[in-house]
Amino acid sequence: MKGEDVHISEEELFFEQVSQQKRNLYGIAFSYLRNEADALEVLQEATCRAWIKRKSLKDPERLTPWMIRILINCCMDELKRRKRKITAEPQRFEGGVMELASDRRLDMEKALDNVKPKYRQVLVLKYYRDMTLTQIAEVLEKPEGTIKTWLNKGLKQLRDKMKGKGDQYHG
Amino acid sequence: MAEPEENLLKDYFQNMITKADELSDLKLDAAIHGGILRGSRKRFSLNRGFTIVVLAAMAAALFVIVPWLQSNFEPEHAQLPPKSWGEFEVFRPIIKDNISLKSALEAGIVQTIGVSSEEKDGYMLTLNGVVADKKSMIALYTFQNKTQHDVLLHGGSLDNATSNTTSGQSSFFVIDSDNIGKPGVTRMLIQYMWSEDQEGLKELVANMSVTPQTPEAMLSSSDKYRTTLSVPFTLETDQLQKNSRTVTVNRSLNIAGQKIVVEQAYIAATGIYVDIIPYQKGNTMQINSLISPKIILGKGKNAKVLNITEHGLGTETLIFYNDNLDKDSRMTLEVEGIEGLEKSKRDLVINTETSTIIKAPDNRLTISDEKTVEKDGVLALTLFTPKEEGKESLSYGLGISDNFVDGTGSGHFMFRPDHFTYSTTGEPRHDEKGSTTTFFFNVGSEKLPQPLTFNLTFYSNPIQETDRVKIR
């Protein structure tokens, strides 16, 4: 009976820990996939992977950066799958309802989609989550110098992708 | 100076934040529960004690303490001989606790589908049947794994075949825990929550992904290990209306002088969806939880109890099982109490230098000397919740908002060492007297004028007083 209690408690505790981050995690997924259903699915899959591999997390206090890393992996999986499955599908939003999206936002989406995944994850964590380079380095388990390089390269790629729209926004 | 791209990115992501904030806690919690459930490869047993850990970050939200102790039906009903489910009989072992589905099968309102995906990489998925309403769809699947290795099933989604948009998101898997993922045949049910209004929905494609359970496949960012199976099918849309009705209630539960408005109930094949409004102007308490909400069907000796579902812990909608065999009996929502705190007691005043609690709702809260990985600037508070006679479920929650005021009235924010959280919760410790949980708050190590005043967003304070509202 005691064993059962402990097991149940572990599930609940894990739920609590992940749930405290649910909007942040969902937000990151949404920033990648821009679709409610896909973002929820990725949150579910990342939770599943984290739950299965939870014993490998040496420091439970670092659950959040670890979860973010898994979630970003799942997002990249989904983007690859989507690219392969839907090559010519127009941009869509949840429920198939296209919002009245501004040109600027669509251009940004298009540009972000074409930024290398490893640079894009730094852009998301820095500009969406407002994280410092040190914090991003911890999440992605890379040296801070590498993160700084990726950030600069990401911004440069973004700039290049948006060239041509430049008069509109940079002026 | 920020580059133009940086400003554009910030603007762009700000829009994303707004969008992400619009999603209900119900869907997010369901996704997390679904992930854990999928990963643990077992189902929750409704007969086990199920203790809700109160989430500090969600303290403003309302959720529900569920005993999970009663069976969904009174014993005399459980002893009735089961009716045959025909071709769905093979699913009986995995759906015995889902009263909505069980009664739908007995009422004959489950639509037979019987369509299989093509066989890919040794995997095949068959959609045997579905039952749907405008909120949700429950699907019965058979999965065949003809390989020699265990697999993980995931990625359950529904696409609208005509517009190629996602129509439904799997929120809950219940799988034959003995066989899941193993080579051979696995039976499972998946519940989907519809993305939006599903008027006109008809041609659908059910998708499922399969990944071998190997470490490299599980943590890989590549999809080379993943196989996607698709089953196209036609949903009989008249199902969405035929077996459901919306009842306007607009009555209030009145517990300890607090009003909780019950707006309406959607009584349908997959469940009973009750919309409530817990926040009322006249309420002197902040209500955080309802204690043991349930639906009573019928009255007197023949009354049945319909419990809240595994994913029905909503902030504004409670989801209960429905008995599809009983469309006429009196239906009553019963609540055994609330978790609430007088708004006047929400200030928590502490001198963190002398470790003295100056003002708290009661004497169950103490300062602890336990430590976290952050050595300095962490306030550790221990909450003791006494065990009540005959009760197996205890709530042991404490929530404090992320800002506080010092002795001179200046405001401060708590620190977020990992950028996201300013608090962590220790493992609850149980003994014969009750449960003790320690909560850690990163107030920071800066010397501040004392005392510090915190705002309690949640404080476990159950008030047991039963009230009922008639639904039909």
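In this predicted model, helix α6 (residues 117–128) of chain A packs against helix α7 (residues 133–140) of chain A at an angle of about 130 degrees, and their axes are 10 Å apart. The two helices, α6(A) and α7(A), are therefore oblique to each other. Their crossing, that of α6(A) and α7(A), is right-handed. The residues that meet in this contact are set out below.

| Helix | Residues in the contact |
|---|---|
| α6(A) | A:Gln121, A:Val122, A:Leu125 and A:Lys126 |
| α7(A) | A:Ile136, A:Val139 and A:Leu140 |

By type, the residues of the contact of α6(A) with α7(A) comprise five nonpolar, one polar and one charged.

In soluble globular proteins, nonpolar side chains tend to be buried together. The largest nonpolar core in this model has 150 residues, and the members that touch the most others are A:Ala29, A:Leu43, A:Met67, A:Leu71, B:Ala139 and B:Leu189. Helix α3 (residues 36–52) of chain A gives the most to this core, contributing ten residues. When residues up to four places away in sequence are not counted, A:Ala29 touches A:Ala39, A:Val42, A:Leu43, A:Leu71 and A:Cys75.

Although A:Glu11 and A:Trp51 are 40 residues apart along the chain, their C-alpha atoms are separated by 8.6 Å.

Note on methods
Residues are numbered from 1 along each chain as its sequence is written. Chains are lettered from A and ligands numbered from 1 in the order in which they are written. This is a predicted model: local features need pLDDT of at least 70, side-chain atom pairs count only at pLDDT 80 or more; totals for chains, interfaces and linings use all residues. A nonpolar core is a set of buried Ala, Val, Leu, Ile, Met, Phe, Trp, Tyr and Cys residues joined through C-beta atoms within 7 Å. A residue is buried if 20 or more other C-beta atoms lie within 10 Å of its own, exposed if 12 or fewer, and partly exposed in between; C-beta atoms are placed from the backbone. Helices (H or I, at least four residues) and strands (E, at least two) are DSSP runs, numbered from the N terminus. Two residues are in contact if their C-beta atoms, placed from the backbone, lie within 7 Å. Axes are lines fitted to C-alpha atoms, for helices over the stretch in contact, and angles run from 0 to 180 degrees between N-to-C directions. Angles under 35 degrees count as roughly parallel, over 145 as roughly antiparallel, 65 to 115 as roughly perpendicular and the rest as oblique. A crossing is left-handed if the near helix is turned anticlockwise from the far one by less than a right angle, and right-handed if clockwise. Ala, Val, Leu, Ile, Met, Phe, Trp, Tyr, Cys and Pro count as nonpolar, Asp, Glu, Lys and Arg as charged, and the others, Gly among them, as polar.
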